[in-house]
Amino acid sequence: GISTSGADHVYTDIYIVGNISQPISSYANNSFYQNLTLDVNTRAPAIFINGYDTLLSDVNIMCSMGGVCKGFAMVFESEFASLQKANISGWLQGIHVKSGYNSMDHIALDCTLEDCSFYYTEGVFIDESAFAQVGGLGLPGVSARGFEVGLHIQGESRAAGLDIECPSETDQDYYATGILVGGTATSKTIIGGDGTSDYFYEASYITGACLNAVFVNSP
């Protein structure tokens, strides 16, 4: 695939297909990726971002041959990364923000294939050591279909403009939850507003067979 280091990289109109262990690994700073299409089969993240000031736009990630891929499609261990306009389908986990200050908007995730019901699945997982601004300020955030947990926030992140649809049925012992809040989340964790104040600039919707629309497990 593509592995970068250093700084000031620009990649546009990239198409990667097949059994590739690490399709895109970016350790570069101040880099730009646009129009990426990955139709791959890998247990590693399809896209791994580490570094400063990385912008990704118009990203399409699929699991090859129409199957289901295990693990997260995208992993961020970065500072000031921005993801805009992404579609991810056929992955049991969508996006994992592990560290740093990052933002994302216009994200569409789909795990409605039958095989998805046999596993624990998460659309977006934001670690307690990370901060993420999801949607807000008039921008739609995440649309997640068929995941056991649509959005999982463990810290003081902010999310707005959510459209989450729980699975209609599942073979797992886990309970379908639209938004799960836990870990070190505090009163600074904002869900449903514009991400900076108490005004609701972008509405959020949670539908489907959810046991919990929103579940808070945090002090």
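Is Cys210 buried, partly exposed or exposed, by its relative accessible area? In this predicted model, Cys210 is partly exposed, because its relative accessible area is 22% and buried residues are those under 20%. Its disulfide partner is Cys166, with the two sulfur atoms 2.0 Å apart. This link is right-handed, with 100° about the S-S bond.

The disulfides of the model number three. When the bonded cysteines are numbered in sequence order, they pair as 1-2, 3-4, 5-6. One of the disulfides is formed by Cys63 and Cys69, with an S to S distance of 2.1 Å. The torsion about this S-S bond is 85°, and the link is right-handed. Both Cys63 and Cys69 are buried. Another disulfide connects Cys111 with Cys116, again with a separation of 2.1 Å between the sulfur atoms. The link of Cys111 and Cys116 is left-handed, because the torsion about its S-S bond is about -95°. Cys111 and Cys116 are buried as well.

The protein chain has 19 strands and zero helices. Its radius of gyration is 16 Å, close to the 17 Å that the globule rule gives for 219 residues, so the chain is as compact as a globular protein of that length. Along the principal axes, the C-alpha atoms fill a box of roughly 40 × 40 × 25 Å. Buried residues make up 48% of the 219 in the chain. The accessible surface is about 9,800 Å², and carbon and sulfur atoms account for 49% of this area. Of the contacts between residues at least 6 apart in sequence, 56% join residues at least 24 apart.

The largest nonpolar core contains 48 residues. Within this core, Ile47, Leu56, Leu83 and Ile95 touch the most other members. Strand S9 supplies the largest share of the core, seven residues.

Asn102 is located in strand S9, which spans residues 91-110. The relative accessible area of Asn102 is 2%, so this residue is buried. Beyond its neighbours within four places in sequence, Asn102 is in contact with Ser78, Glu79, Phe80 and Ala81, with Val97, and with Phe131, Ala132 and Gln133. Ser89 is located in strand S8, residues 81-89. With a relative accessible area of 28%, Ser89 is partly exposed. The C-alpha atom of Ser89 is 5.9 Å from that of Leu109, a residue 20 places apart from Ser89 along the chain. Apart from residues up to four places away in sequence, Ser89 touches Ile61, Met62, Cys63 and Asp110. Among these contacts, Cys63 is the cysteine joined to Cys69 by a disulfide.

Definitions and conventions
Residues numbered from 1 in each chain as written. Predicted model: local features only at pLDDT ≥ 70, side-chain atom pairs only at ≥ 80, totals over all residues. Heavy atoms only, no water. Disulfide = S-S within 2.5 Å. Buried < 20%, exposed > 50% of the residue type's maximum accessible area, 1.4 Å probe, protein only. Helix = DSSP H or I, 4+ residues; strand = E, 2+ residues; numbered from the N terminus. Contact = heavy atoms within 4.5 Å. Core = buried A, V, L, I, M, F, W, Y, C linked by side-chain atoms within 4.5 Å. Rg over C-alpha atoms; globule rule 2.2 N^0.38 Å. Areas by Shrake-Rupley, 256 points an atom, 1.4 Å probe, with all protein chains shown as cover.
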